[in-house]
Amino acid sequence: HCCSLFVSTNIWFVLVLGFGVDPALEIDVFSALQLDDSTEGIVQVQGFDNGSKAFVFQDTVRKIKASPSAAEQVSQKLKHTHEFTVLVTLKQTPYNSGVILSIHHSDDRYLELESSGHRNEVRFHYQYWWHQSRTEVFPYALADGQWHRVALAVSASHIVLYVDCNKIYERVIERPYMDIPTGSALWLGQRNNVHGLFKGVMQDVKILVMPQGYITQCPDLNRTCPTCNDFHGLVQKIMELQDILAKTSGKLSYAEEKMNKLDQCYCEKSCKVNDVVYRESQTWTDGCRSCTCKNGTAQCKKLICPPENCSPGNAPVYVDGKCCKECQREYLTISWIPYDKSMQRVLYPSCPSLPCSSSDQISLTYSCCKVCKGNDFCAEGPNCVENSKCVNLEAGAFCQCNTGYMPLREDKAYCTDIDECAQNKHYCRENTICINSPGSYTCLCKDGYIKIDDYSCTEHDECRTGLHNCDKNALCFNTVGGHNCICKPGYTGNGTLCKAFCEDGCRNGGTCNTPNVCSCPQGFTGQLCETDIDECAEGFVQCDSRANCINLPGWYHCECRDGYHDNGLFAANGETCEDIDECATRRHSCANDTICFNLEGGYYCRCPHGKNCTDDCVYEGKIKHNGQIWVLENDRCSVCSCQKGMVMCRRMVCDCENPTVDLFCCPECDPRLTSQCLSQTGDVKYDSGSTWVQDCQQCRCVQGEVDCWPLQCPEGNCEFSTIHEGECCPRCVTDPCHANQIRNDITKTCVDELNLIRFTGSSWRKHATECTICQCKVRSVTALLPLTKR
């Protein structure tokens with residue numbers, strides 16, 4: 001019934017078998033990189049299948065990297081996808097550790113497939129949940145000099161590894177975060193110029209953005225059920241539909257409320273001038289200016305008066321409240337006022353009596369009546385309207401523009417602002433900027449200068465006054481119009497940001513806080529953080545008697561001794577270790593002529609009474625004679641021996657004085673400079689055999705090759721865990737809100753702010769917000785054991 005709900009998913013199978021893969025869903029990496037015989041570092045050879053190109057990746061300097069445009073096209077196809085398959089046919093040189101394919105941006109690896117011949121592992125590096133790095137490790141030996149067809153299929157949180165059309169591993173992982181940013185790089189056969197160099201032959205390297213892409217490599221592996229991504233997609237669609245329904249209902253209610261008020265609403269851009277509102281495109285006269293309302297802004301310009309064509313007996317004169325002259329009838333009694341040269345119409349009523357003596361009375365040329373000396377002509381005379389003022393004289397008055405204004409007409413009753421800056425009528429000196437203002441202007445200082453007076457500025461010494469942006473670990477040097485910042489000796493940067501510089505670099509994740517002094521992360525010490533603190537040897541840890549303290553780089557844990565295993569509760573001190581009954585579980589090596597007796601932490605091969613036993617051992621179904629020594633087939637660096645019915649194995653002892661020592665098993669005995677390695681940051685050089693910790697990975701230099709794998713952390717039965725800043729291993733927490741790692745159970749749900757059901761682990765943007773992300777974290781009844789260090 002499950003499959004009947006997803007009829008469309010079987011179309012992929014028909015598509016692959018009958019008509020091939022849609023080119024839009026396939027990324028041919030060889031074609032994207034435009035590889036041919038002219039590409040430096042590779043040579044075209046005969047492959048596993050003669051129908052396509054194959055290239056041998058040589059042990060030389062090479063740079064097999066896609067162009068920025070090709071890398072961007074690949075990134076866009078993979079962006080936001082939750083279902084893809086990486087396919088490759090390869091023959092890897094034995095014991096080589098190299099990257100098959102890598103898509104990364106800076107230190108963030110979004111899709112990287114790696115094969116380690118040093119540890120016999122296949123690793124998948126990816127990002128999850130907002131740029132957190134994760135590595136999935138599959139123990140398998142690809143680097144054996146044989147041809148293999150490899151397919152890594154990812155479907156949401158489900159991953160399957162196929163080798164030679166056999167399903168090797170199937171797991172549930174954190175859902176990959178495929179929001180690949182612009183500018184990401186695509187490399188083939190290497191991680192960068194110096195790290196992860198693959199050695200061997202590769203053919204048919206492809207990425208298929210489709211469900212179950214591995215059937216293109218192995219057509220007999222038909223799919224019969226929908227993928228994990230199909231199910232997640234259905235669940236996501238249901239939740240999205242619920243979300244859309246709730247939002248649509250809210251929008252409809254809001255729209256109905258707005259529509260009810262629509263009749264009362266009139267929306268139009270308008271202008272408000274002197275408490276008068278003008279509509280869009282409406283024009284009006286403001287004094288001697290013609291104004292128009294445009295896009296809510298009043299735009300005004302000087303009013304252009306019509307020609308003064310008056311009939312005989314009439315003359316143009318200014319009338320109160322009007323900007324332009326109007327034709328008025330002439331009177332013989334009209335005379336010119338000598339001050340403003342404007343024509344005034346004067347009626348001659350009887351002259352009033354004056355409150356002054358005859359000697360204080362004066363005659364006016366334009367009036368028959370006398371006035372007293374000091375008469376306020378402005379109270380009677382010209383109407384000075386806009387940005388002008390009336391000035392009294394002895395025998396009359398006239399209008400004068402305010403300072404900083406110029407007349408719009410000859411009687412100066414209307415005046416407008418003078419732009420002193422545009423007309424160069426200012427007194428601002430060098431190092432200043434002129435800013436116009438109504439009736440005036442202001443001289444502002446340029447950047448790096450301070451004001452002396454209203455018109456002048458001088459150079460500002462930011463270094464002396466402390467008004468600079470130099471880092472506290474930088475030196476400030478004053479310059480003309482500014483300053484320069486240079487980092488102090490022992491620091492590096494651009495001057496505004498200076499960081500301490502450690503000449504030999506800080507190892508194992510240490511940070512350089514002061515010149516040549518490293519601040520070490522927890523678990524490391526030394527000037528360069530080069531020394532791991534052995535918590536076991538220094539007595540920081542007390543493990544149970546059934547467990548051994550195992551020191552790890554920057555960490556430790558209590559591991560059950562041989563003959564014991566944990567009961568599943570994973571106590572930090574090893575107290576949950578319990579005896580293994582090797583006899584009952586048939587995990588012993590006693591030969592057929594002996595009887596196995598279980599002991600606490602071991603077993604005993606006992607010869608029955610009356611028999612002559614050989615004390616031989618049984619190892620992987622084969623008889624090993626008592627005293628026999630052999631090297632493991634899958635690990636040439638380990639030696640085993642049969643001792644009275646019991647198999648004892650150990651790592652090979654390295655004797656660097658022995659000229660025949662195996663340098664692969666004993667890289668520390670390799671003195672050649674060509675066997676040294678550069679760290680991932682490129683600033684530290686390590687000798688062959690050296691180990692270090694970088695970005696929560698344990699790394700080792702083996703004959704010039706760097707091999708890194710996830711740092712081993714203690715096992716813990718935690719439903720909720722978190723990784724503290726500066727640490728690599730998770731610690732158990734009881735509050736799910738404090739956890740950044742959750743054991744998801746899709747059967748448990750949350751109810752969000754809109755009463756929608758959300759599954760555990762799902763995330764969504766909070767309603768009516770842009771910057772708040774919510775995640776469903778559900779507590780279940782599980783024992784939570786805190787993991788501690790020291």
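Let me start with the core. The largest nonpolar core has 46 residues. Those with the most contacts inside it are L78, L111, F124, L188 and M202. By nonpolar core I mean a set of buried Ala, Val, Leu, Ile, Met, Phe, Trp, Tyr and Cys residues joined through side-chain atoms within 4.5 Å. Buried means under 20% relative accessible area, exposed means over 50%, and partly exposed is in between, with a 1.4 Å probe and protein chains only.

Ground rules next. This is a predicted model, where local features need pLDDT of at least 70 and side-chain atom pairs count only at pLDDT 80 or more, while totals for chains, interfaces and linings use all residues. Residues are numbered from 1 along each chain as its sequence is written, and side-chain values use heavy atoms, with hydrogens and water left out.

What does L111 touch, leaving out residues up to four places away in sequence? The list is L78, F84, V86, L101, S102, I103, F124, H125 and M178. A contact here is heavy atoms within 4.5 Å. There is also a second, separate core of 11 residues. L25, L87, A153 and I215 are among its members.

Now helix α3, residues 68–78. Helices are DSSP runs of H or I with at least four residues, strands are runs of E with at least two, and both are numbered from the N terminus. Which residues of α3 are buried? They are A70, A71, V74, S75 and L78. Seen down the axis of α3, these buried residues fall within an arc of 135°, so they line one face of the helix. That arc is taken from the directions from the helix axis to the C-beta atoms. After α3 comes H80, with a positive phi near 70°.

A156 has phi near 55°, and A156 is not a glycine. A156 sits in the loop between β9 (147–155) and β10 (158–163). Buried or exposed? A156 is buried, at a relative accessible area of 0%. K644 is also a non-glycine residue with positive phi, about 50°. K644 lies in the loop between β48 (635–643) and β49. K644 is exposed, with a relative accessible area of 60%.

Stay with β48, because C640 is in that strand. C640 counts as buried, at 1% relative accessibility. C640 touches Q628, I629, W630, L632, V647, M648 and C649, not counting residues up to four places away in sequence. C640 and G627 are 13 residues apart in sequence, and their C-alpha atoms are 10.0 Å apart.

Two aspartates now. D670 is in the loop between β49 (646–651) and β50 (677–678). D670 is buried, with a relative accessible area of 6%. Where does its side chain make a polar contact? With the side chain of R672, at 2.8 Å. A polar contact is a pair of N or O atoms within 3.5 Å; within protein, one must be able to donate a hydrogen and the other to accept it, and residues adjacent in sequence count only if both atoms are side-chain atoms. Leaving out residues up to four places away in sequence, D670 touches L663, S675, S688 and Q703. D286 is in strand β16, residues 283–286. D286 is buried too, with a relative accessible area of 18%. D286 touches C291 and E386, again not counting residues up to four places away in sequence.

The whole chain, quickly. The protein chain has six helices and 61 strands. Of its 790 residues, 38% are buried. Among contacts with a separation of 6 or more, 43% join residues 24 or more positions apart.

Last, confidence. pLDDT is the predictor's confidence in each residue, from 0 to 100. The chain mean is 83, and 89% of residues reach 70 or more. Where is confidence lowest, and where highest? Helix α1, residues 11–19, is lowest at a mean of 40, and strand β12, residues 185–188, is highest at 96. Residues 1–19 have pLDDT below 50, with 26 contacts in the model beyond near neighbours in sequence. Residues 332–341 are also below 50, with 21 such contacts.
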